[in-house]
Amino acid sequence: MNDISLVILLPLLAAVGAAATPRASALWGLTATILTAVLALWLALDMLQSGARNVAIGGWIAPLGIVFVADGLTALMLLMTSGIGVAVALQATSWGVSPSSPVSEKALSMRSGFWPLWLATLGAMNALFLSGDLFNIYVAFEILGLTAIGLTALTSTPTALRAAFDYLSAGLAGSLLLLLGVALAYGAIGRVDLEAVPMLAETVAGRIALALVIAGLAVKAALFPLHFWMPAAHSSAAPVASALLSALVVKGALYVILRISIEGGAGMDALRFAISVMGAGAMLWGAWGALRATRLKLLVAQSTVAQIGLIALAIGVAGDNLQQNGLWHAAALLMLSHALAKAAMFIAVGRIAEELGHDRISGLNRKELRPGAAEFAFAIASVSLIGLPPTAGFIGKWILIDGLIARDAWIWVALILIGTALSAAYLARVVSRCLRGGPHIAANAHHPAWRIGDITALGLATSALILGLVSSLPLSLLEISTK
């Protein structure tokens with residue numbers, strides 16, 4: 001047993017404990033999430049001192065055995081997942097708690113069901129990030145897909161159940177494509193470990209296998225035009241579930257696409273171009289959906305489509321790790337900044353809806369209620385998503401645009417700038433209403449009372465801002481490679 005295995009086994013075993021003892025599920029969940037975050041931090045610090053690590057389970061190396069690979073990109077994803085997980089878990093402990101009314105039976109049922117699903121999600125994502133071969137990645141996705149569907153359907157409303165069914169259908173299609181690609185890859189070269197990806201990219205059958213794998217991952221990442229299931233799923237789920245689904249779950253597929261791209265060599269140039277085009281389409285289509293949204297949660301969900309597109313574009317234009325252009329660092333940093341900002345947004349939206357009794361954008365400014373902490377958290381997260389300084393979103397876009405300008409890739413630069421302007425436009429619809437002062441505010445208007453969700457949302461949004469000031473830390477972590 002070692003720290004790499006523990007970051008997978010600990011949350012999975014705790015999920016079993018939480019499911020077996022519903023009354024103690026919150027204790028299981030919060031304790032296991034914090035311990036997993038400590039282990040992820042320990043692993044990252046150890047790699048900064050000693051470099052990347054490979055662990056062959058049972059002593060069997062690839063292509064026969066299961067190998068866990070821990071490098072700087074893996075460590076950053078583990079820290080992102082466990083760190084945001086701790087924040088959302090703290091918010092989940094107060095789910096349904098109101099000073100004026102007792103906790104309902106439905107709220108208790110949802111809370112007890114949330115913890116096993118979240119812990120299984122955490123274990124599956126950690127396994128996904130650490131897996132060194134495509135088949136184990138497929139297995140991790142199967143676990144992740146089931147838990148994500150459960151999180152979507154947790155409220156048991158007709159809308160949530162319908163969205164969960166669409167999620168299930170899309171997940172099955174993506175899994176089928178992924179499994180077909182893995183099978184074809186094994187048939188082509190007799191191995192499926194990630195180190196064999198360059199060999200796959202050199203043969204026709206191998207390229208077809210990689211195309212199937214990328215297509216399956218694109219479905220799971222809700223990459224345009226395969227995003228049809230995602231806005232409803234993220235906007236219909238409970239706020240804590242939406243935060244996890246949007247901030248973390250979709251990052252699993254994006255991470256694998258990034259990993260395959262930087263390992264694939266020149267043979268993947270055509271696939272990278274396709275990913276870039278899909279990313280550009282997602283930026284524009286997601287922004288259009290957000291501009292037309294009438295509900296706040298739907299706007300935030302549509303913005304996820306657009307932000308996923310930006311990350312996919314960054315992955316596609318980055319090339320492989322032999323080009324030494326650093327553009328894939330921008331993709332990783334954008335994933336991290338988006339995760340922090342989007343988790344903050346969904347939790348803030350939940351608090352705003354709780355304060356107002358609805359999430360209609362047209363009714364966000366009420367005379368008797370002054371802007372509260374949730375509104376400010378949403379505004380700070382918006383600054384990061386738009387990519388304004390000094391946030392991590394700005395640093396990621398700066399690295400990306402600077403690299404593209406150096407390559408005279410002006411079309412991609414123009415598309416990124418258009419996407420940035422559209423992001424500012426649809427987020428300004430909310431921020432201008434949430435934070436607007438003036439005569440429409442009554443003289444005796446009150447600030448909403450503080451809740452744990454306000455602290456969580458502000459903490460996550462502020463972290464996205466502070467991360468831009470200390471961006472050298474994640475960038476130095478990304479320099480650690482197994483090569």
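**Note on helix packing and backbone geometry in the model**

1. Helix H13 (residues 327-356) and H15 approach each other with axes that come within 8 Å and cross at roughly 160°, where axes are lines fitted to C-alpha atoms, for helices over the stretch in contact, and angles run from 0 to 180 degrees between N-to-C directions. That angle makes H13 roughly antiparallel to H15, a label that applies to angles over 145 degrees. This is a predicted model, in which local features need pLDDT of at least 70 and side-chain atom pairs count only at pLDDT 80 or more, while totals for chains, interfaces and linings use all residues. Residues are numbered from 1 along each chain as its sequence is written, and side-chain values use heavy atoms, with hydrogens and water left out.

2. On the H13 side, Leu 327, Ala 330, Leu 333, Leu 334 and Ser 337 meet residues of H15 that include Ala 392, Ile 395, Ile 399, Leu 400 and Leu 404, contact meaning heavy atoms within 4.5 Å. By class, this contact of H13 with H15 has nine nonpolar, four polar and one charged residues; Ala, Val, Leu, Ile, Met, Phe, Trp, Tyr, Cys and Pro count as nonpolar, Asp, Glu, Lys and Arg as charged, and the others, Gly among them, as polar.

3. Two peptide bonds deserve a check, given that most peptide bonds are trans. The bond from Phe 224 to Pro 225 is cis, with omega near 5°, and Pro 225 lies in the loop between helix H8 (204-220) and helix H9 (230-236). The bond from Pro 389 to Pro 390 is also cis, with omega near 5°, and Pro 390 is placed in the loop between helix H14 (373-386) and helix H15 (392-406).

4. Asp 408 has a phi near 60° and is found in the loop between H15 and helix H16 (410-434); at 57% relative accessibility, Asp 408 counts as exposed, the cut-off being over 50%.

5. For the protein as a whole, the secondary structure comes to 18 helices and two strands, taken as DSSP runs numbered from the N terminus (helices H or I, at least four residues; strands E, at least two). Of its 483 residues, 58% count as buried.

Terms used: Buried < 20%, exposed > 50% of the residue type's maximum accessible area, 1.4 Å probe, protein only. Parallel < 35°, antiparallel > 145°, perpendicular 65-115°, else oblique.
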